[in-house]
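Trainee: Please take me closely through the packing around a single part of this model. I would like to follow it at the level of individual residues.

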Amino acid sequence: MTVLVTGAASDSHTWNLMFLQLFVEEQGHRVVNLGPCVPPTLLADSCRTVAPDLVVLSSVNGHGYPDGLRAVTQLRDQLRSAAPPVVIGGKLGVTGPLAAEQVHRLLTAGFAAVFDGGDLDSFRGYLHRLAAGAATATVPATPRVDAVRAAL
């Protein structure tokens with residue numbers, strides 16, 4: 001499976017992206033790391049070029065929620081049905097964990113899962129389910145918040 005790892009548009013942090021790359025590679029997947037401060041247009045162009053099986057959007061500056069909404073909306077608009085599953089995680093809000101309605105908004109905007117600061121086991125489980133064909137890009141009927149505290 002090819003996983004595209006990227007930072008949010010306003011997030012200049014890189015260590016989280018390096019950690020994610022190593023973590024995903026340890027799970028047996030190929031990683032293309034776009035680095036920090038990736039605007040939505042570059043993300044969409046990269047998806048066309050790389051054709052990843054999954055996109056992981058990471059933020060540690062607390063602006064992941066608004067940056068994520070813009071990125072996934074533009075990605076879905078530009079790629080339509082060819083868009084891969086996209087997950088987001090890390091420090092998504094500046095005041096702490098997101099409210100349930102914010103998580104729901106991210107999911108309905110097009111994210112397959114939201115990892116708002118939790119444990120890597122949830123993210124690892126998602127990767128394994130996706131690789132096995134069990135995870136889908138659809139929004140669950142009841143929004144679920146998966147947790148990935150350390151890296152996303």
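Mentor: Among contacts in the chain (heavy atoms within 4.5 Å) between residues at least 6 apart in sequence, 82% join residues at least 24 apart. The model is predicted, so to speak of local features pLDDT must be at least 70 and side-chain atom pairs need pLDDT 80 or more, while totals for chains, interfaces and linings take in all residues. Numbering starts from 1 along each chain as its sequence is written, and side-chain values rest on heavy atoms, with hydrogens and water left out.

Five helices and six strands make up the elements of the chain, in the order β-α-β-α-β-α-β-α-β-α-β from the N terminus. These are DSSP runs, H or I of at least four residues for helices and E of at least two for strands, numbered from the N terminus.

Let's settle on helix α3, residues 64–79. Its axis and that of α4 (residues 100–109) come within 9 Å and cross at roughly 20 degrees; axes are lines fitted to C-alpha atoms, for helices over the stretch in contact, with angles from 0 to 180 degrees between N-to-C directions. The two helices are therefore roughly parallel, the word used for angles under 35 degrees, with over 145 roughly antiparallel, 65 to 115 roughly perpendicular and the rest oblique. On the α3 side, Tyr65, Leu69, Val72, Thr73 and Arg76 meet Gln102, Arg105, Leu106 and Ala109 of α4.

α2 also packs on α3: their axes come within 9 Å and cross at roughly 45 degrees. That makes α2 oblique to α3. Here Pro40, Thr41, Leu43, Ala44, Cys47 and Arg48 of α2 touch Arg70, Ala71, Gln74, Leu75, Gln78 and Leu79 of α3.

Of its 24 residues, Leu43, Leu75, Ile88, Leu106, Phe111 and Val114 touch the most other members. α2 (40–50), β3 (54–59), α3, β4 (86–90) and α4 each supply at least two residues, and α3 gives the most, with six. Another core, of 18 residues, lies apart from it and includes Leu54, Leu120, Phe123 and Tyr126. Across the chain, buried residues are 51% of the 152; buried means under 20% relative accessible area, exposed over 50% and partly exposed in between, with a 1.4 Å probe and protein chains only.

Note on methods:
A nonpolar core is a set of buried Ala, Val, Leu, Ile, Met, Phe, Trp, Tyr and Cys residues joined through side-chain atoms within 4.5 Å.
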